Amino acid sequence: MRKQIAAANWKMNLTVEQAITLLDEIVSKNIKLSENQEAVFGVPFPYLLLAKDRISDNKNYFVAAQNCYTKESGAFTGEVSAAMLSSLDIKYVIVGHSERREYFSEDNQTLSLKVDACLKNNLKPIFCCGESLEIREAGTQNDYVETQLKESLFHLDPSAIKDFVIAYEPIWAIGTGKTATADQAQEMHAHIRNVLEKKYGNEIAQSVSILYGGSVKANNAKEIFSKPDVDGGLVGGASLNATEFAEIIKSLKS
Ligand code: PEP
């Protein structure tokens with residue numbers, strides 16, 4: 001069975017003391033994950049190693065970086081390469097979050113290079129896609145997301161897409177408290193899997209974990225995650241609260 005993942009995206013939040021308190025509180029809940037379940041903590045760069053250390057006794061708990069640069073090394077002040085993250089033994093990197101697309105002008109072509117940099121360095125991208133409210137209201141969200149996938153991922157070999165992780169995050173639902181309904185999430189996830197199937201075949205499409213992101217909370221996670229093509233969530237605001245995020249982890253399908 002493909003992986004079911006509860007991934008936290010802390011964004012640019014928390015001091016180091018707050019980060020330690022949050023991680024320790026979640027770990028103290030001692031949530032046991034099954035073989036196909038994972039809890040992932042997307043923390044700011046300065047906290048990667050400490051987060052890895054705090055969760056190290058918990059099976060299937062992993063750390064994610066929230067970004068990386070396209071280049072391997074060199075004169076790129078302030079950037080962090082996939083090779084550096086790999087040297088920290090980090091498993092995941094969030095690539096193409098809508099905030100990076102919007103505030104840092106990351107386009108589909110740049111993101112394809114970031115995906116390549118991750119894969120070259122044995123890091124698993126959590127590739128984010130999703131439409132704005134304007135696109136949703138125009139009814140063209142399926143084509144829009146398909147283009148995001150095609151332009152950033154479809155140069156990859158089938159072996160690279162097998163077990164890949166995609167996060168569908170409608171921009172209108174991120175940080176707004178306005179969640180897509182479970183049916184809206186399922187509809188888009190089924191579309192994404194169908195797009196993958198057309199290009200890579202059914203077996204590979206079925207192996208890809210597709211997470212939903214956009215105002216996932218403890219009180220809606222179970223319903224959203226219960227949908228057949230929803231394989232967990234990428235969670236912003238609610239991941240900053242130990243009780244909320246613990247409940248979200250517990251809402252994963254087994
Ligand atoms: C996110 O940042 O990826 C996200 C989905 O945020 P929120 O859960 O706060 O909507």
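The dialogue below goes through helix pairs, single helices, loop residues and a strand residue.

Q: What kind of model is this, and how are its residues numbered?
A: This is a predicted model, where local features need pLDDT of at least 70, side-chain atom pairs count only at pLDDT 80 or more, and totals for chains, interfaces and linings use all residues. Residues are numbered from 1 along each chain as its sequence is written, and side-chain values use heavy atoms, with hydrogens and water left out.

Q: How are two packed helices described?
A: By the angle between their axes and the distance between the axes. Helices (H or I, at least four residues) and strands (E, at least two) are DSSP runs, numbered from the N terminus. Axes are lines fitted to C-alpha atoms, for helices over the stretch in contact, and angles run from 0 to 180 degrees between N-to-C directions. Take helix H5 (residues 108-120) and helix H7 (residues 141-153): their axes come within 7 Å and cross at roughly 50°. That makes H5 oblique to H7. Angles under 35 degrees count as roughly parallel, over 145 as roughly antiparallel, 65 to 115 as roughly perpendicular and the rest as oblique.

Q: Is the crossing of H5 and H7 left-handed or right-handed?
A: Right-handed. The term applies if the near helix is turned clockwise from the far one by less than a right angle; anticlockwise is left-handed.

Q: Which residues make the contact between H5 and H7?
A: H5 supplies Asn 108, Gln 109, Leu 111, Ser 112 and Val 115; H7 supplies Thr 147, Gln 148, Glu 151, Ser 152 and Leu 153. Contact means heavy atoms within 4.5 Å. By class, there are three nonpolar, six polar and one charged residues. Ala, Val, Leu, Ile, Met, Phe, Trp, Tyr, Cys and Pro count as nonpolar, Asp, Glu, Lys and Arg as charged, and the others, Gly among them, as polar.

Q: How do the axes of H7 and H9 cross?
A: They come within 10 Å and cross at roughly 45°. That makes H7 oblique to H9. The crossing is right-handed. From H7 come Gln 141, Asn 142, Val 145, Glu 146, Leu 149 and Leu 153; from H9 come Met 188, His 191, Ile 192, Val 195, Lys 198 and Tyr 200. This contact has seven nonpolar, three polar and two charged residues.

Q: What does the contact of H1 with H12 look like by class?
A: First, the geometry. The axes of H1 and helix H12 (residues 242-250) come within 9 Å and cross at roughly 45°. H1 and H12 are therefore oblique to each other. Leu 22, Glu 25 and Ile 26 of H1 meet Ala 242, Phe 245 and Ile 249 of H12. The residues divide into five nonpolar, no polar and one charged.

Q: What span should helix H9 have?
A: The expected span of a helix is 1.5 Å times one less than its number of residues. Helix H9 (residues 182-200) has 19 residues and should span 27 Å; its end C-alpha atoms are 26 Å apart, which agrees. H5, with 13 residues, reaches 18 Å, close to the 18 Å expected.

Q: Which residues of H5 are buried, and what do they pack against?
A: Buried means under 20% relative accessible area, exposed over 50%, partly exposed in between (1.4 Å probe, protein chains only). The buried residues of H5 are Asn 108, Leu 111, Ser 112, Lys 114, Val 115, Ala 117 and Cys 118. They pack against H3, strand E4 (92-95), H4, strand E5 (124-129) and H7. As background, an α-helix has 3.6 residues a turn, so residues three or four places apart point the same way.

Q: Where is phi positive in a residue other than glycine?
A: Most residues other than glycine have a negative phi. Leu 14 has phi near 80°. Leu 14 is in the loop between strand E1 (4-9) and helix H1 (16-28), and is partly exposed at 25% relative accessibility. Ser 105 has phi near 50°. Ser 105 lies in the loop between helix H4 (98-103) and H5, and is exposed at 60%. Just after H5, Asn 122 takes a positive phi of about 60°.

Q: Is Gln 37 buried or exposed?
A: Gln 37 is buried, with a relative accessible area of 8%. Gln 37 lies in strand E2 (residues 37-42). Leaving aside neighbours within four places in sequence, Gln 37 is in contact with Gln 4, Lys 32, Asn 60, Leu 252, Lys 253 and Ser 254.
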